Amino acid sequence: MEPHVVGLPVRRKEVVGKITGAAKYIDDVQLPGMLHGVTIRSTIPRGKLLNISFLPGVPWDEFTIVTAADIPGSNVVSQIHDDQPMLARDMVNHPHEPVLLLAHENKDQLRCARELVHIEYEPLPAVLDMDEALEQRTIIWGQDNVFKQYLINKGDVDSVWAEAARIIEGEYSTEAQEHVYIEPNGMLATVSPSECVTVSGSLQCPYYVHKALTTLFNLPSHKVRVIQTETGGAFGGKEEYPSIIAGHAALLAWKSGRPVKIVYDREEDMVATTKRHPSRTRHRTAVSEDGRLLAMDIEFTIDGGAYSTLSPVVLSRGTIHAAGPYRCPNVRVRSTAVATNAPPHGAFRGFGAPQSLFAVERHMDRIAYTIGLTPDEFRRRNFLRSGDATATGQIITQPLDLPGLQERALRSAGYYKKLETFRANSASALKRGMGFATFMHGAGFTGSGERHLASVVELEGTAGGNVRILCSMTEMGQGTNTILTQIAAEALGIAYEQVEICPPDTALVPNSGPTVASRTSMIVGKLIEQAAGEFKKRLWSDDELPADYSPGQFSAKLRDYQSVCGPLRTRAQYHEPAGIHWDDEHYRGDAYGAFSWATYVAEVTVDTITGEVQVDEFTALQEVGRVINPVLAAGQIEGGIVQGLGFALLEKVTWNQGSMANNQLTNYIIPTAMDVPPIKVLFEEIPYEYGASGAKGIGELPMDGPAPAILNAVVNALGIAFDHVPLTPEDILSKLSQNGKHAHDAPEVVETIA
Amino acid sequence: MKTSRLSLTINGARRTIETPPMKRLLDVLREDFQLTGTKEGCGEGECGACSVILDGVLVNSCLVPALHAAGANVRTIEGLSPGGSHPVQAAFARCGGAQCGICTPGMIMASVHLLERNPHPSRLEIQEALAGNLCRCTGYQKIIDAVQAASEGDEIADL
């Protein structure tokens with residue numbers, strides 16, 4: 001058999017196309033007779049649509065025009081609730097809501113026409129932030145502006161306050177973050193009488209788009225085909241919104257009878273599509289004399305924008321992660337997703353967890369400072385251990401040594417020594433500080449999600465004696481093609497090059513669920529292992545399965561088998577491992593099959609003259625189960641950390657009447673090569689029994705830790721509390737000018753650090 | 001729309017087209033010559049996905065009008081190695097410098113431009129040279145590693 005493939009830094013499967021420019025993204029694809037499509041959008045946050053008129057200046061008879069009245073099926077973007085229309089009909093509920101579609105073969109003509117569509121509105125009062133939504137003076141969604149609420153209740157929080165030695169409160173908030181995948185969204189649709197609707201484009205979840213199109217056109221599923229083209233980054237930003245663009249392109253193709261492509265430019269992509277949910281978290285925590293957590297009372301609120309979209313599930317993940325990796329007998333988490341008249345916020349790497357984990361990891365530092373323990377010692381006294389129950393009552397059954405993980409990370413970062421050095425040199429205008437966060441991320445869908453998805457993968461033999469993977473998992477840079485190929489090759493005992501992977505196309509691949517939630521390696525990879533086991537069994541009947549075979553022997557055997565028996569194809573479907581229980585009604589039980597764990601350490605310099613923060617070094621130690629490809633895994637971690645650095649310090653959306661005002665890369669700043677510190681990436685490898693080759697989830701974890709680690713480091717440097725991201729130089733200068741006296745963990749805090 | 005005759009050299013080959021003079025070089029490359037390896041990320045010269053080398057200067061082709069390229073020598077990603085064997089391409093593949101791939105052609109052109117002028121740059125010089133090219137996937141570490149690895153090979157000096 002081939003030596004091991006898992007654990008090796010094999011080259012990315014599709015790398016040649018990417019380094020030569022040959023890879024085809026949707027903007028690179030042209031079809032004969034193709035029209036270009038554009039979206040005409042609302043210009044107000046909320047109001048009634050009164051009239052649409054087409055001003056003279058272009059030959060309107062040459063244009064294909066689609067409104068809500070043209071929709072053959074249901075005018076909804078089919079997701080969890082069907083509250084979002086594909087095109088507004090009577091009302092608009094946020095700025096940049098799609099109202100009308102135009103198509104023409106000439107892009108210049110389209111640009112002119114776009115300016116000549118005039119929409120009249122009767123404006124209605126709008127709700128523009130979470131507080132206004134909760135005040136309920138204006139109701140914009142349902143009965144109460146609330147998309148979803150959860151309650152986690154462990155023990156009895158209210159019984160503890162009276163006996164607590166200390167009660168520490170804090171409020172933490174995070175703002176919207178734009179994904180800034182470098183490839184803007186785009187879709188190409190064709191409509192033919194035989195195949196009906198075919199859409200290809202930049203997307204994460206082919207079967208989400210498929211469901212949205214069958215609903216929009218009221219077609220049986222075999223009449224809709226969705227194909228993923230090379231996707232230039234997504235980060236959650238191409239999870240739900242592509243259903244809308246696909247629907248729009250398909251409606252224009254349906255009406256015109258010609259292929260239609262819609263590609264957003266950067267400004268439209270930034271202003272109209274989803275962003276990370278803004279959040280606010282309030283913590284009230286009871287601590288004993290000896291620094292043990294007695295009760296955690298947490299209120300977590302997120303702004304979902306105008307329609308519910310994925311907010312209920314983003315809220316769910318944020319809620320479950322809100323108490324962090326701590327053992328605490330009494331925990332209450334009350335969480336709410338509210339409606340505002342902004343474009344819907346959506347999936348973004350971490351999916352609610354970066355928000356609530358930012359809060360809890362800042363709060364842990366606050367508690368430590370307040371009660372006079374070091375941040376590391378306070379955490380050490382309170383970490384979850386194997387056998388403990390999380391906030392939802394999930395018993396940690398896997399080996400877990402958070403004190404050890406944290407210690408290794410801190411030592412590797414030179415934390416203790418640097419703390420001393422920086423304190424000794426604190427007279428300079430350049431203040432240096434160290435901070436860290438210890439946290440976890442649950443892999444796979446929450447609760448019973450994976451059971452409901454019941455994902456399927458298949459393997460098939462090719463004519464040449466290779467094996468091809470058939471699954472709907474998408475490659476968007478994170479390494480799906482490579483990782484799944486490595487897993488299949490390892491399980492089949494053949495070479496990496498002998499495994500092919502079928503591009504995601506709903507006409508060819510089964511539904512393996514969406515490419516989200518850090519589930520690809522762990523959940524879908526495991527299914528590939530199972531299908532591979534079956535493949536080998538079928539190829540050699542059980543009794544003659546050889547102990548050893550060469551890749552060449554495998555291929556010869558496969559060709560022989562297929563020449564006699566026809567194509568060999570095996571499948572595997574997800575079945576929940578025994579002993580997993582989840583109670584959706586009370587939000588109790590096993591929230592995730594497995595958690596990945598990490599400690600991230602940031603070293604910063606704060607310039608007290610300019611207010612600028614520079615991250616000088618970053619150390620990231622994580623336990624993600626077995627690492628399948630060390631180069632790709634480190635790449636995932638480094639990329640996530642730099643997105644997290646942007647979230648912490650740079651990326652600020654400026655809002656004006658529910659609309660992003662700085663929707664350009666000129667004034668929405670993401671990190672460049674000059675902003676990134678050296679990043680030390682370390683792995684602790686503890687194989688996970690139910691993950692492919694022992695792997696757990698990795699993709700989202702690195703988004704969770706940087707913001708709290710960096711803010712904790714800034715607080716350490718200045719002795720002033722900051723509880724909001726992004727933390728801008730203006731915020732720092734403003735607090736410095738108050739002399740730090742009104743800030744929470746005032747100068748004496750620094751003194752308490754051992 | 002009024003057009004002009006435009007002659008230029010692209011990846012070593014002399015080419016002539018009729019084009020509106022203010023058409024973006026990016027669109028000329030992508031639409032008139034089907035050289036779609038040069039990407040559009042922002043259309044305003046911020047992201048560098050459309051980086052090409054024009055008469056030895058690294059430019060954002062979304063900001064260059066076609067007439068500005070008249071008579072010029074333009075190098076795009078397609079002009080390196082179709083099989084990806086140029087030392088910088090090979091280093092990107094080996095070091096994990098490409099993830100989603102959309103910034104990769106521009107990033108590689110910026111790296112080639114740097115290494116041709118400065119065959120052995122420091123890490124800081126690499127960071128400075130790539131600061132006009134945004135990548136949202138890698139966090140830049142593996143890209144910087146790739147450029148450093150390419151600079152350590154012997155081939156670069158001979159380019």
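**Chain B and its interface with chain A**

Along its sequence, chain B runs β-β-α-β-β-β-α-α-α-α. That is five helices and five strands, taken as DSSP runs numbered from the N terminus, with helices being H or I of at least four residues and strands E of at least two. This is a predicted model, where local features need pLDDT of at least 70 and side-chain atom pairs count only at pLDDT 80 or more, while totals for chains, interfaces and linings use all residues. Residues are numbered from 1 along each chain as its sequence is written, chains are lettered from A in the order in which they are written, and side-chain values use heavy atoms, without hydrogens and water.

First, the fold of chain B. The radius of gyration is 15 Å, close to the 15 Å from the globule rule for 159 residues, so chain B is as compact as a globular protein of that length. The radius is taken over C-alpha atoms, and the rule is 2.2 Å times the number of residues to the power 0.38. The C-alpha atoms of chain B fill a box of roughly 50 × 30 × 25 Å along the principal axes. Of the 159 residues in chain B, 60% are buried, meaning under 20% relative accessible area with a 1.4 Å probe, protein chains only; exposed means over 50%, and partly exposed lies in between. Now contacts, meaning heavy atoms within 4.5 Å. In chain B, among contacts with a separation of 6 or more, 54% join residues 24 or more positions apart.

Next, the interface. How many residues of chain B are in contact with chain A? The count is 47, against 53 residues of chain A. The two chains bury about 3800 Å² between them, 56% of it on carbon and sulfur atoms. Buried area is the accessible area (1.4 Å probe) that two parts lose on being put together, summed over both. Gln99(B), Arg136(B) and Gln141(B) supply 21% of what chain B buries against chain A, more than any other three residues.

Then the charges. Six salt bridges cross the interface, each a side-chain nitrogen of Lys or Arg within 4 Å of a carboxyl oxygen of Asp or Glu. The side chains of Glu638(A) and Lys142(B) form a salt bridge, at 3.0 Å, N to O.

Which helices of chain B supply at least two residues each to the side that touches chain A? They are α1 (25-32), α2 (87-95), α3 (104-117), α4 (123-129) and α5 (141-152). α2(B) gives the most, with five residues.
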